Amino acid sequence: MWKEFKAFIAQGNVIDLAVAVVIGTAFQQIVSALVDNIIMPLVGVILGGVDFSTLVIGVGEAQVEYGLFIQAIVDFFIIAMAIFIFVKVATKLMKKRENEEEPAPEEPTASELYLKEIRDLLHAEQEEKQSSIESENVDLASSEDHEEETTEEQPKDER
């Protein structure tokens with residue numbers, strides 16, 4: 001069981017996923033800092049000095065901190081937009097790289113052209129031989145049919 005677990009962990013996909021989670025966590029912290037310290041204060045100033053972190057509704061003894069929820073929504077949209085842009089750029093680069101990897105067909109060399117011409121001539125010659133053999137077979141078959149007809153037309157005494 002331990003060997004299977006080690007083989008599973010050593011697979012490339014699992015390691016890639018672990019790296020992605022670590023990077024995603026660090027990226028989330030950067031985005032949260034951006035939203036909390038730069039974007040939301042600017043939005044608050046634009047909306048008349050509102051501090052979203054202090055927006056609270058009191059329901060009995062409970063407090064609903066909807067300002068933090070608004071900040072989380074802004075975080076989500078920024079992260080989603082960043083991932084969208086990253087995937088779009090990565091896809092574009094991958095397509096560009098695929099196009100670069102496909103080399104243009106090379107022009108045939110002189111010897112290749114000569115060999116192609118020889119091949120075509122041999123092919124044409126072979127077709128001519130084949131058609132002449134077929135026409136000879138047709139001629140032979142028609143002459144045999146003609147001989148049979150003439151022997152049938154002759155009276156039985158002459159045979």
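**Salt bridges, core and contacts in a predicted model**

Asp 120 and Arg 119 form a salt bridge in which the closest N and O atoms are 3.1 Å apart; a salt bridge is defined here as a side-chain nitrogen of Lys or Arg within 4 Å of a carboxyl oxygen of Asp or Glu. The structure is a predicted model, in which local features need pLDDT of at least 70 and side-chain atom pairs count only at pLDDT 80 or more, while totals for chains, interfaces and linings use all residues. Residues are numbered from 1 along each chain as its sequence is written, and side-chain values use heavy atoms, with hydrogens and water left out.

Asp 120 is partly exposed, at 38% relative accessibility; buried denotes under 20% relative accessible area, exposed over 50%, and partly exposed the range in between (1.4 Å probe, protein chains only). The count of salt bridges under this rule is 2. Glu 125 also takes part in a salt bridge, with Lys 129, at 3.8 Å between the closest N and O atoms. Glu 125 and Lys 129 are separated by about one helical turn because they lie 4 residues apart in helix H4 (residues 110-153). With a relative accessible area of 42%, Glu 125 is partly exposed. In general, side chains of opposite charge can pair when their charged atoms come close.

The protein contains 4 helices and 2 strands, taken as DSSP runs numbered from the N terminus (helices H or I, at least four residues; strands E, at least two). From the N terminus on, the order of elements is α-α-β-β-α-α. Of the 159 residues in the protein, 6% are buried. The accessible surface comes to about 14100 Å², and carbon and sulfur atoms account for 63% of this surface; areas were computed by the Shrake-Rupley method with a 1.4 Å probe, and for residues only the protein chains shown count as cover. Among contacts (heavy atoms within 4.5 Å) between residues at least 6 apart in sequence, 40% join residues at least 24 apart.

The largest nonpolar core consists of 5 residues, namely Val 31, Val 35, Met 40, Phe 52 and Leu 55. Such a core is a set of buried Ala, Val, Leu, Ile, Met, Phe, Trp, Tyr and Cys residues joined through side-chain atoms within 4.5 Å. When residues up to four places away in sequence are not counted, Met 40 touches Val 35, Phe 52, Ile 70, Gln 71 and Val 74.

Ser 32 is located in helix H2 (residues 12-46) and is buried, at 13% relative accessibility. The side chains of Ser 32 and Asp 75 are joined by a polar contact of 3.4 Å. A polar contact is a pair of N or O atoms within 3.5 Å; within protein, one must be able to donate a hydrogen and the other to accept it, and residues adjacent in sequence count only if both atoms are side-chain atoms. Leu 34 is also placed in helix H2 and is partly exposed, at 32% relative accessibility. The C-alpha atoms of Leu 34 and Asp 75 are separated by 8.7 Å, with the two residues 41 residues apart along the chain.
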